[in-house]
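I opened this entry to work through one chain from its overall layout down to single residue pairs. My notes follow in the order in which I looked things up.

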Amino acid sequence: MELFFCYFFLGFFLLVLLLLQILFYKHRSLFSSTNLPPGKTGWPLVGETLEFLSTGWKGHPEKFVFDRMVKYSQECFKTSILGEPVAYFCGPTGNKFLFSNENKLVTTWWPEAVNKVFPSSLQTNSREESTKMRKLLPQFLKAEALQRYVGIMDTIAQRHFASGWENKDDVIVFPLAKRYTFWLACHIFLSVEDPTHVARFADPFRLLVSGVISIPVNFPGTPFNKAIKAAEFIRKELILIINQRKIDLADNKATPTQDILSHMLTKTDENGKHMNEMDIADKILGLLIGGHDTASIVITFIVKYLAELPHVYNAVYEEQMEIAKSKTAGELLTWEDMQKMKYSWNVACEVMRLIPPLQGAFREAMADFKYAGFNIPKGWKLYWSAYSTHRNPQYFTEPDKFDPSRFERSGPAPYTYVPFGGGPRMCPGKEYARLEILAFMHNLVKRYKFEKIILDEKIIANPFPKPEKGLPIRLIPHNVKV
Ligand code: HEM
């Protein structure tokens with residue numbers, strides 16, 4: 001018996017050794033081409049993923065890229081993230097290269113975890129899914145549609161402040177900002193208006209967002225596992241909404257153009273086929289994530305900077321009060337009002353420069369090519385990073401200083417300011433985001449001044465940035481009601 005155990009453990013040990021050797025060999029072979037960009041590739045599977053994520057957890061996500069730009073190259077360095085070989089493109093030239101070579105030399109790529117959480121992208125591929133999504137969106141994000149949304153945004157903002165802020169001495173901004181942008185997205189994309197219905201989604205969405213860019217280990221309790229479960233829950237809820245909408249469309253209680261959900265249900269592809277429910281649910285899920293999380297981050301950090309910088313608060317207040325005073329009682333904000341909020345938008349832009357909600361995004365090399373004198377092999381993943389320019393003194397003098405005047409006149413140099421990406425994949429929700437952020441700022445400063453409760457609250461990025469405790473603030477209501 002003892003001999004049996006000895007052989008068993010020896011066999012097991014040799015198997016583990018063999019697996020490790022295969023992993024090491026595979027990892028080394030990923031980086032065996034000649035003249036690759038300089039950089040460190042770390043351990044098999046893990047690579048530098050922990051360094052990449054942990055700089056964010058420690059509150060300095062920009063450190064990952066800056067340390068390596070100093071150590072290896074200002075233009076491009078290699079690393080290994082989420083088990084993939086990655087070339088990190090830096091500076092405006094790197095941004096320009098990736099943005100202008102979309103579908104020529106590079107194509108969209110999402111980490112494995114994203115594909116598993118959104119199974120519809122596995123049936124085809126993320127490039128096709130992204131193209132499908134982009135075709136669906138213009139009708140809902142074009143200027144005429146956006147003009148209609150301004151009044152809705154103002155109404156929801158007013159209801160949001162009435163239900164979440166009124167009669168409170170202190171509030172925690174981050175969850176409230178999420179509630180506002182999510183409520184708006186549910187209303188505009190799905191015509192779901194009941195706040196309690198909306199609230200049912202909120203928690204699973206939080207789990208989904210924090211697990212979607214994580215190491216794809218599907219064990220109970222891992223962020224990835226929680227994200228998959230949360231996505232399943234939300235998908236089931238969405239399917240209920242979709243089925244009800246089908247009935248309403250058949251009974252003429254809903255119209256084919258009322259929102260993006262009706263549009264997805266009634267639109268056919270070039271072969272006359274409708275999208276299936278699962279596909280629609282995944283698309284809506286992606287849109288709800290893209291459409292609410294990023295903007296709520298910007299709103300939260302706007303409140304932080306307004307609380308810290310009274311001169312910035314005062315200038316925003318003046319601009320917004322001029323608009324408020326020009327309106328009759330109960331009159332909603334209009335598209336024209338939004339165009340007048342120039343300083344307020346510059347403040348939002350400066351917030352996105354210092355704390356970009358998305359640090360960057362991945363692409364995949366479609367062929368072998370050369371960049372900055374280095375070989376980039378086909379299949380390698382590529383990454384553009386907003387931090388490589390946003391916090392770089394070469395492009396923004398005194399980069400840590402909050403200065404909205406950077407966005408006056410012609411603004412930052414091309415490809416240096418990229419919170420919404422660039423090229424054909426640039427965020428299609430940019431204008432929508434601008435409007436919802438401005439509607440929030442208008443309603444906020446009209447009602448309150450505020451101060452931070454935790455003066456030195458840390459900012460963490462996991463991978464999306466947020467104040468560690470959610471930004472608790474003390475409210476100081478204005479005496480005069482407008
Ligand atoms: C301040 C708010 C926002 C920021 C900072 C932001 C940022 C970004 C960035 C950087 C990308 C490009 C990623 C890449 O290069 O691959 C992107 C893509 C995208 N965004 Fe936004 N976004 C915001 C709001 C929105 C909103 C409100 C919507 C929807 C209404 C939206 C929908 C999308 C979609 C669907 C894509 C994917 C486009 C594609 O794959 O071609 N985003 N966003």
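I note here that the model is predicted.

**Overall layout.** I looked up the secondary structure, which comes to 19 helices and 12 strands, and then the burial, where 38% of the 482 residues of the chain count as buried.

**The five-stranded sheet.** I traced an open sheet of 5 strands in the order β1-β2-β8-β5-β3, and I recorded its pairing as mixed. Because β1 (76-81) and β3 (106-108) each have a single partner strand, they stand at the edges, and one side of each is left without a neighbour in the sheet. From one strand to the next the twist averages 40°.

I then went through the pairings one by one. β2 and β8 are parallel and share 4 bridges, with Ala-87 standing opposite Leu-382 in β8. β5 and β8 run antiparallel and are joined by 5 bridges, and here I found Trp-384 of β8 to be the bridge partner of Ala-361. β3 is joined to β5 (residues 360-365) by 3 bridges, again antiparallel, and Thr-108 stands opposite Arg-363 in β5.

Which way do the residues of β8 point? I found Lys-381, Tyr-383 and Ser-385 pointing one way and Leu-382 and Trp-384 the other, and all are buried. In a regular strand the side chains alternate between the two faces of the sheet. Since 5 of the 5 residues of β8 are buried, this strand is largely enclosed by the rest of the structure. Helix α4 (residues 91-100) lies across β1, β2 (84-89), β3, β5 and β8 (381-385), and I noted that it runs at about 125° to β8.

**The three-stranded sheet.** A further open sheet has 3 strands in the order β4-β12-β9, with antiparallel pairing. Its edge strands are β4 (170-172) and β9 (448-452), each of which pairs on one side only, and the twist averages 35° from one strand to the next. I counted 5 bridges between β9 and β12 (residues 472-477), and in β12 the bridge partner of Lys-452 is Ile-473. Helix α14 lies across β9 and β12, running at about 85° to β9.

Which residues come nearest to the ligand? Of the 23 residues around the ligand, I listed Gly-291, Ala-361, Gly-421, Cys-427 and Gly-429 as nearest. The elements that give two or more residues to this shell are α7 (126-136), α14 (277-308) and α19 (430-447), and α14 gives the most, with 6 residues. By class I recorded 14 nonpolar, 7 polar and 2 charged residues in the shell.

**Nonpolar cores.** The largest nonpolar core has 76 residues, of which Phe-189, Ile-284, Val-298, Ile-302 and Ile-437 touch the most other members. The largest share of this core, 15 residues, comes from α14. A second, separate core of 34 residues includes Leu-53, Phe-64, Val-86 and Tyr-383.

Note on methods: Residues are numbered from 1 along each chain as its sequence is written. This is a predicted model: local features need pLDDT of at least 70, side-chain atom pairs count only at pLDDT 80 or more; totals for chains, interfaces and linings use all residues. Two strands pair if DSSP finds at least two bridges between them. Axes are lines fitted to C-alpha atoms, for helices over the stretch in contact, and angles run from 0 to 180 degrees between N-to-C directions. Two residues are in contact if their C-beta atoms, placed from the backbone, lie within 7 Å. A residue is near a molecule or strand if its C-beta atom, placed from the backbone, lies within 6 Å of it. Ala, Val, Leu, Ile, Met, Phe, Trp, Tyr, Cys and Pro count as nonpolar, Asp, Glu, Lys and Arg as charged, and the others, Gly among them, as polar. A nonpolar core is a set of buried Ala, Val, Leu, Ile, Met, Phe, Trp, Tyr and Cys residues joined through C-beta atoms within 7 Å. A residue is buried if 20 or more other C-beta atoms lie within 10 Å of its own, exposed if 12 or fewer, and partly exposed in between; C-beta atoms are placed from the backbone.
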